[in-house]
Structure formats: structure tokens, C-alpha cells
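Work through the exercises below with the sequence and the model at hand. Each task is followed by its solution.

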Amino acid sequence: MSLNPVADEPVEIGTFYNPNETSYETSFLSSWDEVKHAKSLEIIYEEDGYLSCIRLTYNDRTCQFGDPPPKSEISRAHVIPINPNQWIEGFEMIIGDPIESREAGPVGIVNVDVWIYGADIEYGSYRPKDRYHRLFVPADGKALVGICGSSKGNRINSFALVQCEGDQGFSQRAVNDELTRSLSWRNGLPPSHVRVLPDSLRALSTAQRKGLRMDGLLFGTDKQNEDPATTAARLIRISASGDASRIELTFAGGPGQTPTIVRTAGPNHGGSLKSMDIDGPGGETIVSVLMPPMPDEEADFEWYVPKWFGVVTNRGTQGIFGEQASIEKACPINPPSGCDVAGLFLSPAFMQHWTLGVLIAPTVSSPTSVLPVKVSRDEEGRIWDPEPPPPEWSLCEPCVGIEDRSTIAGQERENRSNESATYLNLMQPVVCFRRLLAAPEWCHFDQIGGFEVQFANGSSRFIGMPPSDDKIPLTEEVSYEDFRAGITNVVVDGPRISGSKVHVKTMSELQEQNGGPGKVWYPGGEEGVRIIAVHIWGGGYLHGIQFEMENGMSSPKWGKAGGEPSISLRTDAASKSKSLHDITRNLIHGERKGKSVHGVVGLKFVVRGGNSFGSDGLPGPVTVQGLTQR
């Protein structure tokens with residue numbers, strides 16, 4: 001009986017530079033009767049450790065894919081016996097550089113695991129860490145009858161299956177869906193019940209999806225692939241870098257394990273991470289992911305590069321990570337009915353681009369009616385990060401930074417589209433502040449980004465994105481006058497810097513703050529110290545902030561905080577003001593500096609994504625306003 005084999009389109013795996021390429025299409029079977037024979041499958045690797053040849057032998061017949069090197073140049077070979085009436089189910093390829101410590105070498109197939117129907121997987125002898133796994137198995141209702149692809153020299157460069165209709169009744173093991181297994185996964189394939197949410201890749205063409213290398217990060221499963229409900233209940237924190245290219249998950253350890261377990265995806269450049277706490281042990285779980293708006297499928301674009309993402313939990317807590325451009329148009333990515341959000345995936349540094357998306361899995365709990373995920377926003381439509389203040393808190397005047405809008409047509413709308421809102425509880429004892437940095441005269445505000453406040457209960461509040469150590473301004477990198485030559489104030493500085501006065505006027509002063517307490521400042525012991533006042537420089541534009549503690553200590557000043565503060569917000573209830581609209585006007589015109597507002601229990605900040613000229617801007621605060629308790 002003719003098998004009518006059809007070859008799949010080969011997937012290019014190698015990055016070899018040999019110009020001579022040889023194509024192969026190797027049939028293993030001419031009829032199903034040949035499955036009855038005992039067979040031997042040999043996997044051969046050349047001297048540098050890359051796959052060179054796959055050879056099947058039975059009944060004195062040899063079917064060969066690839067060109068093996070001379071015996072003296074074979075680094076290893078793996079011979080797999082296949083019993084009568086057994087057959088090959090598929091191949092799991094490990095892709096990367098065979099030298100584990102090297103990251104910049106050629107990429108190719110460095111190990112092959114052979115899946116046998118009804119038998120154990122035959123694992124190859126070399127399994128380097130941090131390499132990518134790609135599964136090649138037949139489509140549903142089809143069977144593998146050969147392989148095809150190409151080689152460059154003695155190295156396999158591309159690979160695919162030759163399939164035919166009819167699976168011949170073989171008992172197949174559970175595998176991922178076709179889209180998920182068409183991608184390469186770092187350190188192993190996802191569990192078979194986990195799959196990529198197709199909408200996550202909607203903006204990528206079929207060609208762009210081919211060969212994508214993924215870092216999978218599961219919220220609710222571990223290396224032993226235990227029940228997702230088990231470890232999901234231990235997720236306590238999600239963290240991400242300033243451009244969202246690295247994500248870390250922290251789990252509370254189980255019985256007999258270390259107190260915390262951290263799992264990561266994306267390259268580690270040693271930069272700062274922004275974190276959001278999650279009460280996994282208390283039942284809080286991630287139910288939706290926020291993503292930047294995707295371009296239309298017909299749009300002319302090179303790549304969909306989401307520089308930020310967000311998560312929403314079943315308690316309404318939501319975290320924003322990354323540069324937050326066009327955050328106003330955030331799209332909630334919800335799982336389909338019968339599925340839960342199981343994790344995230346990254347495709348870092350692929351062709352100098354990367355993408356990010358959602359992993360889903362069948363619901364493990366009893367089916368319930370799924371309510372649409374509602375994203376919390378403030379009165380002007382900004383997303384709250386991570387949640388709005390208590391409902392009994394209300395805003396009081398003045399709002400410092402209310403005029404932080406360009407007069408250029410269309411700029412105000414653009415600014416608002418990059419803004420989120422957060423609040424700081426002044427009633428909680430504080431253990432430390434991180435990145436209360438001074439901005440020298442030449443520095444843009446989004447070069448110092450935001451700061452972190454860590455409380456005594458172990459939680460943190462991020463006011464924007466703190467810069468990494470290598471981005472902290474410590475020296476005057478460029479002459480201020482030279483930098484501004486030929487460039488207007490609005491383009492270079494933005495209006496919020498107009499009129500600001502620095503509090504560090506020499507390089508030694510700058511280094512003393514930003515290289516010392518400005519990086520990390522501890523106001524007291526482990527029990528923490530409460531904030532009793534917040535001193536603010538600015539009026540229509542936010543220039544600087546300083547915190548005064550109940551033990552009499554004062555924090556380093558963030559931003560440009562020269563001279564006397566414009567206003568102080570105090571937590572004591574003395575002479576609480578009812579209406580302070582006149583104060584706002586006076587502050588804008590620089591009058592009545594030093595005015596105090598009492599009875600403040602919190603601060604609302606508007607955080608804007610960085611977009612300064614000539615720099616990698618970080619989200620930071622652009623307005624601040626007091627919150628009082630009704």
C-alpha cells in the first residue's frame with residue numbers, strides 16, 4: 001500500500017555560515033509492513049557536538065539523513081534499538097551551542113531525544129542547561145514516515161518530518177497543541193496541558209512565528225510538573241525589569257523546601273526590578289494579563305515589541321511593568337472559557353527583537369461563571385498600579401504638577417496615554433527607600449526614573465521604575481551647554497524642569513548622594529519608621545520630593561530640590577484645611593512657599609513613561625497630590 005508521504009516545510013534551526021547547503025528528504029518506510037521488523041536508529045554528532053546525521057537500519061537497508069563526518073571527527077553517537085511493531089513517534093531536539101558556558105557560538109541541534117510509540121523516551125546523552133527544546137511529532141491522524149531538511153557541511157541546519165495519513169492505531173502520549181509545539185522552549189517543553197494563547201501571537205506573521213525561541217514562566221507548576229493548583233497557591237511576587245525583558249516569579253517554599261523559590265525568564269542584565277506582591281497562600285491568583293494594543297494584521301510593521309505588560313489578580317490588584325507607552329489603551333488578555341492563565345512567555349533577543357504573551361491551561365477548579373476582568377482606573381482614565389486607595393480616602397488640594405502638559409498640539413493627549421496612577425500609604429512604617437536620587441543640572445527627570453518604598457511588613461510600593469546601578473547619574477557625562485546647543489527647552493527638558501533648582505551643585509555632592517544614601521536609605525530599624533511629612537518642590541510642575549520621619553530623620557531629596565520646599569504635606573491633624581484652591585494658584589506663581597497641609601494619610605502620584613530626547617527614559621512621578629481620610 002502506498003503511503004503517499006508529504007514533507008513538511010523545513011524549520012531552519014542552525015546559524016552556520018558554511019555557504020554549501022545540501023537538502024535531504026529521507027523516507028524511512030515504503031509500507032507499513034516494514035514496521036514489523038526490528039530496527040536500529042543511530043544519532044551521530046560531529047566533533048564540535050552538533051547533530052550531523054540520523055541513520056535508520058533494518059533488513060540490511062540503511063536510510064540516512066545528513067552527511068556524517070569521518071569516524072575520527074565523530075564526538076559521540078547514540079544507537080537506539082526499536083523492537084518489532086514499534087515505531088518512531090517523534091523527535092525532541094535540543095537547540096543551542098554545545099558548549100554550555102559559551103553563549104555567542106553558532107546555534108544548532110546539540111541533542112536528540114527519540115520518542116517511541118508505547119515505550120519510554122530514549123534520551124540523548126548530552127543535556128546542557130539554558131538550551132531550547134523543540135518537539136517534532138506528526139499532526140493528529142498522521143504518522144511519521146521520514147525526515148527532511150538540509151545540512152551545511154557536517155551539521156544539520158534545518159529539519160522537518162515527512163508524514164502520511166493514518167496513525168496505524170499507535171498509542172500516542174499527550175503532547176502540546178500544534179502552535180505550542182511549533183515553538184522552541186528554554187530548558188524543556190511546557191507540560192502537555194499548557195498551551196500558548198493564540199491571541200498572544202496574533203500580531204506576528206506565520207514567517208515570524210517560525211523558530212521563535214521561548215522562555216516559559218508558569219505561575220502554577222514546577223519542574224516536577226505537579227498539579228498547577230498546588231504551586232499556584234505559593235506564588236507571592238512577580239517582578240520585571242525596566243523594559244519588561246526579564247521576569248521573575250517568587251514562590252513560598254513548600255514543606256522541606258527553602259523559604260522562597262525564584263524562577264526566571266529573559267536575560268539577566270543585573271538591572272533593577274519592579275515587584276508586585278501576590279497573596280498566593282491566601283487564594284490570590286493572576287486571572288488576566290494586560291498588553292499594549294496590537295497593530296492591525298494589515299499594518300505595515302516589522303515586529304510587535306511590547307515594552308510593557310501588566311497582570312490583574314482575582315482581587316483586583318494590578319501591576320504594570322516596563323515602559324508603559326500607550327498604557328491608556330491597555331488590552332486585557334483573558335483566557336477562553338474553561339481555561340485559566342497559567343503563565344507568561346518571552347522570546348528574548350530573537351533577531352534583535354522579542355515578544356511576550358500568555359500561557360493558558362484547562363481550569364483546575366470547579367467551573368464557575370467567569371466575570372469580565374475590569375481594569376481599575378482613576379477619574380481621568382489612568383490605570384491604578386497596583387490598586388486604588390481606600391474608598392474613604394479623598395484627594396485634597398493642591399496637586400503639584402497639574403500644569404505638566406506641553407503646549408504643543410497633541411502632546412497632552414500623548415502624555416496622558418503614557419500615564420498610570422499609584423498611591424503611597426503614609427500610615428505604614430517604612431524600612432527603607434531606594435533610588436531617592438538627585439538630578440544634576442544636565443539630567444532629565446526620566447533618567448533618574450522613580451523610587452521604591454519598602455514597608456516593615458515586607459511589601460513595597462514603587463513610584464515609577466527605579467534605575468539600575470549602571471544608570472544612576474554619578475558624573476556630568478556631557479556639558480550642559482553643549483548638550484542644549486541648538487535644541488529648545490521644551491524638546492530637551494520638557495516643561496516640568498523649567499524653573500527647577502538643583503540641590504547638588506558639584507560632582508562631589510552628586511556622588512555623595514547618588515552613590516550613597518540616595519541608592520538605599522534606612523530611616524530606622526527593622527520595625528520601620530513612619531513618615532510624618534512630605535516636602536515638595538514645584539507647583540505647576542513637580543521638581544523634587546523629600547520625606548521627614550517621626551524619629552526626626554530626613555530622607556535624601558529626589559529630583560531637583562534646591563531652596564525651600566514649595567509645600568509640605570503633614571500627617572498630623574492640626575488645622576486641616578477644607579479648601580486650598582488658592583494655594584495651588586499661589587504655588588504656581590512661586591508665592592507663599594512653605595505652606596503646610598495637615599491631616600494627609602497618603603499621596604497620589606501620576607507616573608509617566610519616559611520619552612526624553614537621547615536617553616532610555618524610565619517611568620517616574622510627574623504629579624503628586626495629598627489624600628485625606630473622610
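This is a predicted model: local features need pLDDT of at least 70, side-chain atom pairs count only at pLDDT 80 or more; totals for chains, interfaces and linings use all residues.

Residues are numbered from 1 along each chain as its sequence is written, and side-chain values use heavy atoms, with hydrogens and water left out.

**Exercise 1.** State what percentage of the residues in the chain is buried.

Solution. Step 1: buried means under 20% relative accessible area, exposed over 50%, and partly exposed in between (1.4 Å probe, protein chains only). Step 2: of the 630 residues in the chain, 53% are buried.

**Exercise 2.** Describe the salt bridge between Asp 130 and Arg 186.

Solution. Step 1: a salt bridge is a side-chain nitrogen of Lys or Arg within 4 Å of a carboxyl oxygen of Asp or Glu. Step 2: for Asp 130 and Arg 186 the N to O distance is 2.5 Å. Step 3: Asp 130 lies in the loop between β9 (108–116) and β10 (132–136) and Arg 186 in strand β13 (residues 184–186), so the pair ties together parts 56 residues apart in sequence. Strands are DSSP runs (E, at least two residues), numbered from the N terminus.

**Exercise 3.** Is Lys 604 buried or exposed? Is Glu 379 buried or exposed?

Solution. Step 1: the side chains of Lys 604 and Glu 379 form a salt bridge (2.9 Å, N to O). Step 2: Lys 604 is buried, at 6% relative accessibility. Step 3: Glu 379 is exposed, at 58%.

Definitions and conventions: Helices (H or I, at least four residues) and strands (E, at least two) are DSSP runs, numbered from the N terminus.
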